[in-house]
Amino acid sequence: MGLGVLAAFKCNCSSSWRYFRLTKLISYNPKFLLHLRTFTVCLETKLFISHCYQNVKSRCFQSLSSISTSLQGQGVEQKVDLIRNIGIIAHIDAGKTTTTERMLYYSGFTRTMGEVHEGDTIMDYMPQERERGITITSAAITFPWKGYKINLIDTPGHVDFTIEVERSLRVLDGAVAILDASAGVEAQTLTVWSQANHYNVPRIIYINKMDKPSARFNASIESIKTKLCAIPLILQLPVGQGKSFKGIVDLITLEKCLWDIKDPHTDDGSVFKKFKLSSVDGSLWEDALSKREQLINHLADLDDVLAEKILKDESTDHLKAEDLYAAVRRVTYSQSGVPVLCGSSYHNIAVQFLLDAINAYLPSPLDRKYDFLKYYGEGLCCLVFKIIHDKQKGPLSFVRVYSGKVEQGQKIYNVNRLQTEKLARMYCPYADDFREVKSANYGSIVVLTGLKNVITGDTLVASHQVDATAEQKLLEEGESAVSTGIQVPDPVFFCSIEAPSLAYEKQLEYALQCLQKEDPTFKVHLDSDSGQTVVSGMGELHLEVIKDRIKIEYGVEAFLGPLQVSYRETVNNSRQETMELNKVLGGMKHFVKITLAVKPSLGEGKVSKVRVVPDKYNELGKIRTDYLKAVNNGVEQSINCGPLIGFPVIDIQIALHCLEVSPRTSLAMISAAASQCIHSILKNAGTQLLEPVMKVEVETDENHLSQVLADLSQRRSQIQEIQSREETRIVTAITPLAELKKYSTDLRTVTSGTATFSMEFHCYQQMSSYDQQKAIEEITGFVQF
């Protein structure tokens with residue numbers, strides 16, 4: 001019978017009778033699952049084996065015949081309260097992808113553990129990722145764990161690809177923040193934590209790499225308190241640290257779990273020993289009791305239900321594990337505290353308990369509430385959070401279904417583009433593989449094909465009537481029926497790009513169009529003065545990867561010009577002006593008189609809209625909505641190209657003091673008047689350059705510290721602090737981005753290759769007159785007098 005089933009794998013495995021035969025075989029001999037995991041099979045059978053493997057391991061493998069039938073629809077037909085939409089977020093090299101690969105293996109989804117350094121991971125599937133050993137694009141995958149369906153997104157840790165974290169967190173219900181036990185909270189950890197705060201995503205923290213010689217559990221906990229300003233709920237204690245790390249203590253159940261792993265390449269960590277902690281364990285027992293008491297006190301402070309139970313019983317002795325589990329879950333949902341676990345993913349220790357914590361503490365789609373959903377009722381509402389291009393399938397739109405149900409062949413209305421499109425097929429994502437499904441309920445993350453006009457951040461609903469109803473409900477509240485989109489940071493680097501010959505120009509144009517649609521932080525525009533195509537990105541690595549993708553995926557060997565820093569402009573003084581336009585076009589008179597005022601406002605950032613200043617003379621309190629929209633459009637056009645050297649103007653406030661419009665005047669004329677008025681104000685008020693500055697973190701040893709500090713001082717850096725971490729020194733500095741070109745190469749030269757650094761965008765700051773003149777000369781090629 002075993003040979004017959006294996007032979008069936010090589011043909012169409014989706015037939016019901018083949019699943020039935022496989023079910024009967026496994027029920028007779030569960031060990032046969034171990035043999036099945038070594039065969040290359042189709043995705044449907046892999047999912048089936050994964051479920052069966054989990055059920056055998058958890059000793060709840062019952063009623064296999066009914067399970068096998070239901071699993072053929074696996075991927076979307078799951079109880080919503082048993083779905084977990086989670087993301088993995090962390091600083092670069094904290095172990096995100098390695099942890100994800102272990103999760104896939106323990107769930108039974110994969111038969112071998114992929115390794116980042118060997119370039120054979122499931123999640124890092126792009127050639128650029130495998131070559132560099134880093135995650136570049138977020139990858140989604142679905143796998144089971146103990147009856148739950150986990151939709152997981154593995155995100156990059158490099159600052160150049162922070163948009164991948166941003167758009168993933170926008171659609172997730174929970175997240176796992178991974179820390180390196182030897183470093184604690186790092187620079188990019190703060191960035192992704194802030195992004196999760198923005199979207200109110202509940203989190204748990206996993207302190208990874210407890211096997212490293214420099215691992216420090218207590219120091220990592222302290223960094224959570226001081227840097228993340230979070231209350232850590234320590235659920236596990238490590239048994240040993242560094243090379244002696246061999247397991248964890250569960251503080252809720254007071255159980256000790258030990259692994260005896262001599263070689264992580266041969267021992268997968270599936271087998272471990274569990275002991276009840278007792279006084280025989282000496283200091284470990286005393287430490288566990290003390291930490292457990294602290295945990296209960298923290299939970300009682302943060303959770304009223306547990307506090308009332310303790311007050312009622314007048315003791316903590318009667319608390320059951322279920323009481324603590326429920327309290328941790330409530331505190332996690334409310335984000336008043338963060339559960340903390342530990343382990344070593346690379347050495348296959350304690351990842352199973354992280355999966356258990358995801359099921360137990362992170363919310364399901366039912367537990368998350370979104371304000372914009374009340375306007376759609378039970379109707380369909382989706383958000384497009386990612387787009388990729390597939391040569392066979394065309395544009396693939398990754399969507400999160402917030403409400404309702406989406407089906408193949410359904411017509412969908414795009415609220416942002418104001419148009420209806422018909423979706424072709426629907427898939428469940430498995431990294432770079434996809435499994436077709438017929439429908440998806442709310443809470444699901446699926447991939448849609450056939451939508452050619454959508455972009456990242458678009459809201460999709462069932463029909464135009466649904467959108468119209470939602471708009472009517474929101475009219476009194478002054479809101480929009482578009483769900484809160486995705487915040488896209490502005491690019492900080494730009495350069496020219498050229499095709500190798502005229503024959504490749506159309507291919508390059510198509511490649512840039514596709515990549516711009518996939519990556520919102522990648523911008524393309526045509527320079528009107530030089531006639532060159534200019535591309536903008538988040539950093540050197542970002543643009544380098546873009547160039548590599550154009551070559552590999554589109555077959556164009558593009559040439560990139562020298563990198564330039566993307567500056568900003570701002571005004572020096574406040575100014576108010578009035579502009580009149582009086583023209584006759586097509587036999588119709590157009591008259592606009594507009595008064596606008598501009599004043600500096602440090603830290604204001606990009607202008608979102610014009611502030612209306614009504615009084616008894618201007619009647620702006622009754623201004624028409626379309627007139628105000630036209631004014632905003634004109635202002636936006638003008639501030640996107642400043643008068644100094646054409647960079648966007650920021651850190652200003654714009655106020656509308658007067659608007660007179662004659663009947664039948666076109667909206668385009670109003671926009672033109674507003675644009676000319678702002679352009680004149682900026683020119684007469686005087687502008688200056690703002691340069692992007694980065695927060696840089698350099699890790700070096702004591703011997704090279706002085707060289708690093710001297711090099712940073714030559715780059716106009718402001719040293720913020722110098723921390724000590726055993727033999728390592730961490731230098732934090734604020735440095736202009738213009739001074740960090742090729743810093744990676746220079747740092748390796750100065751420190752003989754021993755130092756590493758990371759950076760993130762900090763802010764835009766004013767430049768001195770000397771630095772501004774130097775920057776203008778570098779960009780324009782002319783000396784400014």
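# A guided tour of the predicted model

Start with the open sheet: eight antiparallel strands, in the order 16-15-21-12-13-20-17-18. Strand 16 (419–422) and strand 18 (433–437) stand at its edges, each with a single partner strand, so one side of each has no neighbour in the sheet. From one strand to the next, the twist averages 40°. Axes here are lines fitted to C-alpha atoms, for helices over the stretch in contact, and angles run from 0 to 180 degrees between N-to-C directions. Strands (E, at least two residues) and helices (H or I, at least four) are DSSP runs, numbered from the N terminus. Two strands pair if DSSP finds at least two bridges between them.

Before moving on, note that this is a predicted model: local features need pLDDT of at least 70, side-chain atom pairs count only at pLDDT 80 or more, and totals for chains, interfaces and linings use all residues. Residues are numbered from 1 along each chain as its sequence is written, and side-chain values use heavy atoms, with hydrogens and water left out.

Stop 1: Select strand 15 (residues 411–414) with strand 16. They pair in the antiparallel sense over four bridges. Find Asn-414: Gln-419 in strand 16 stands opposite.

**Stop 2: a hairpin.** Now select strand 28 (residues 575–585) and strand 29 (residues 588–600). They run antiparallel and are joined by eleven bridges. Asn-582 faces Phe-591 of strand 29 across the pair. Two residues separate the strands of this hairpin. In the turn, Gly-586 has a positive phi of about 60°.

**Stop 3: Ser-168.** Go to helix 8 (residues 162–169), where Ser-168 sits. Is Ser-168 buried or exposed? Ser-168 is buried, at 1% relative accessible area. Buried means under 20%, exposed over 50%, and partly exposed in between (1.4 Å probe, protein chains only). A polar atom of the Ser-168 side chain lies 2.7 Å from the backbone oxygen of Glu-164. Leaving aside neighbours within four places in sequence, Ser-168 is in contact (heavy atoms within 4.5 Å) with Ser-138, Ile-153 and Thr-155. Ser-168 and Ile-86 are 82 residues apart along the chain, and 9.0 Å separates their C-alpha atoms.

**Stop 4: Asp-303.** Select the loop between helix 11 (283–302) and helix 12 (304–313); Asp-303 lies there. At 6% relative accessibility, Asp-303 counts as buried. Which side chain makes a polar contact with that of Asp-303? The partner is Arg-330, at 2.8 Å. A polar contact is a pair of N or O atoms within 3.5 Å; within protein, one must be able to donate a hydrogen and the other to accept it, and residues adjacent in sequence count only if both atoms are side-chain atoms. Beyond neighbours within four places in sequence, Asp-303 is in contact with Ala-327, Arg-330 and Val-331.

**Stop 5: a covered helix.** Helix 14 (residues 351–361) is mostly covered, with nine of its eleven residues buried. Among them are Phe-353, Leu-354, Ile-358 and Tyr-361.

**Stop 6: two packed helices.** Select helix 20 (residues 705–713) and helix 21 (residues 743–750). They pack at an angle of about 145°, with axes 10 Å apart. Helix 20 contributes Gln-707, Val-708, Asp-711 and Leu-712 to the contact, and helix 21 contributes Tyr-743, Leu-747 and Val-750.

**Last stop: cysteines.** Cys-428 counts as buried at 1% relative accessibility, and Cys-495 counts as buried at 2%. With a disulfide taken as a pair of cysteine sulfur atoms within 2.5 Å, the count is zero.
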